[in-house]
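Here are a few notes to read alongside the model. Keep the viewer open and look up each spot as we get to it.

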Amino acid sequence: MKIAIIGTGYVGLVTGACLAESGHMITCIDKDMAKIERLKNGEIPIYEPELDDLVKRNSEKDRLLFSTDLAKTLPDVDVVFLAVGTPPKKDHSADLSAVQAVSKEIGQNLTRHILVVTKSTVPVGTSELVRSTIQKHLKQPIEFDVASNPEFLREGAAVKDFMEPDRIVVGIDSPKSEALLREIYRPFIQKDISFITTTIKSAEVIKYASNAFLATKISFINEIANFCEASGAKIDDVAMGMGLDKRIGARYLHAGLGYGGSCFPKDVKALVASGEKYGVPFKILHAVEAVNQKQRLRIVEKLEKHLGSLASKRIAVWGLSFKAKTDDIRESPALTIIDALLKKGATVCAYDPVVKEVPQKISLSPFMYDCCNDADALVITTEWEDFLYPDFREIKKRLRTPLIIDGRNLFDPDTLDPMGITYDSIGRPLPPHNELLSS
């Protein structure tokens, strides 16, 4: 099937490449001419495992094309996916200006029936806005359909998530829409992947509700972790005991620095804003946000507990992206922590395997161990595989003070204690003799 994907950001590019891999003829469209030229030359603007191979392979087979001309592309396609950005406005509601602009352009250039599918994360009722905007700008009476097909992609595992999804959700209001979407996803349906049809509004809510629930699970386990530290329990044991309950499940019960990135923070706030619009205050989600923001600063509190004043202290930070396997630093806990350290007068040297630019004025090291040179502590903020099996003797030799504050619980405390390294993580009480290094 011939399909247009409007928007070549994270969602649009992954969707286009994966649908091309499934055998469809895809044209990805973007107004950014420089970006399109880079994509035509095989340059991928984001770091996402496996994506570069998919783009290269399908581009060579002419199943994946890139263009800036929607008007020229529209007459040749059967389905258009909207994958444009929906950034938060000042009131945290989703900015739908790009959705409206694209819908207007579709209406102005529509010459035959198509199905317009919202792939972007959008508030309930957006498909109605898409429909009315297209209808308003039609130059002649033409039938068209709209549908919702939310994405459930994790950064760092987006290709796998698209090709092996837990479920495919489509919101429809006509048999023709369902038939087209079933044909698009036929290779997935044949693999017994659940294909769920709902009303359009239900599909729009499913996406927000899913992300908000996962964010809630993360904030909950972090509060339990903080309670474990205070009471003497171990979060690893507690999370394992909880996760084995099939009603709860083990995923997203890993204590740490909270959620970040481009989805959870934005979507939780947007759902809260939508709730206010409809007169339904999400009290739980207000708490989820508050806990998440506070959790990031636990690292700073731990550093002050061990080092006292952080003025003039040198802190090494491993990890800048909000999670491993991505270069996305949006809403990254690492940046919040670094900003707090700088405000307290500390200097920061950071290392990340992928991220090479950050907004703060800090020192970036090209090597993970060099980052530790003469530092008063090492802070771990991202769970990169590079950090899982470090040379602790090398770390201790380079640090001015043998202190590791681990915001991702990567290591076994019993391994580091005999080495003379103070290891402070999340939700694990310190041995009594190891609580303070200096004042």
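Where does D374 lie? Let's start there, and remember as you look that this is a predicted model.

1. D374 lies in the loop that runs between β11 (363-364) and β12 (377-380). Have a look at its backbone: phi is near 60°, a positive value, and the residue is not a glycine.

2. Y252 is another one to click on. Its phi is positive too, about 65°, although Y252 is not a glycine. You'll find Y252 in the loop between α11 (235-243) and α12 (264-277). Is Y252 buried, exposed or partly exposed? Its relative accessible area is 26%, and since buried means under 20% and exposed means over 50%, Y252 counts as partly exposed.

3. Now follow the chain to α12 and see how it meets helix α10, residues 200-231. Two packed helices are described by the angle between their axes and the distance between the axes. Here the axes of α10 and α12 come within 9 Å and cross at roughly 115°, so α10 is roughly perpendicular to α12. The crossing of these two helices is left-handed.

4. Which residues make that meeting? From α10 there are K207, Y208, N211, A212, L214, A215 and I218, and they meet F264, D267, V268, A270 and L271 of α12. Sorted by class, the contact of α10 with α12 has nine nonpolar residues, one polar and two charged.

5. Last stop: A233, in the loop between α10 and α11. With a relative accessible area of 28%, A233 is partly exposed. Which residues does A233 touch, leaving aside neighbours within four places in sequence? Its contacts are C228, G427 and P429. For a sense of scale, pick F367 as well: A233 and F367 are 134 residues apart along the chain, and their C-alpha atoms are separated by 36 Å.

Key:
Residues numbered from 1 in each chain as written. Predicted model: local features only at pLDDT ≥ 70, side-chain atom pairs only at ≥ 80, totals over all residues. Heavy atoms only, no water. Helix = DSSP H or I, 4+ residues; strand = E, 2+ residues; numbered from the N terminus. Buried < 20%, exposed > 50% of the residue type's maximum accessible area, 1.4 Å probe, protein only. Axes fitted to C-alpha atoms, helices over the stretch in contact; angles between N-to-C directions. Parallel < 35°, antiparallel > 145°, perpendicular 65-115°, else oblique. Left-handed = near helix turned anticlockwise from the far one by under 90°. Contact = heavy atoms within 4.5 Å. Nonpolar A, V, L, I, M, F, W, Y, C, P; charged D, E, K, R; others polar.
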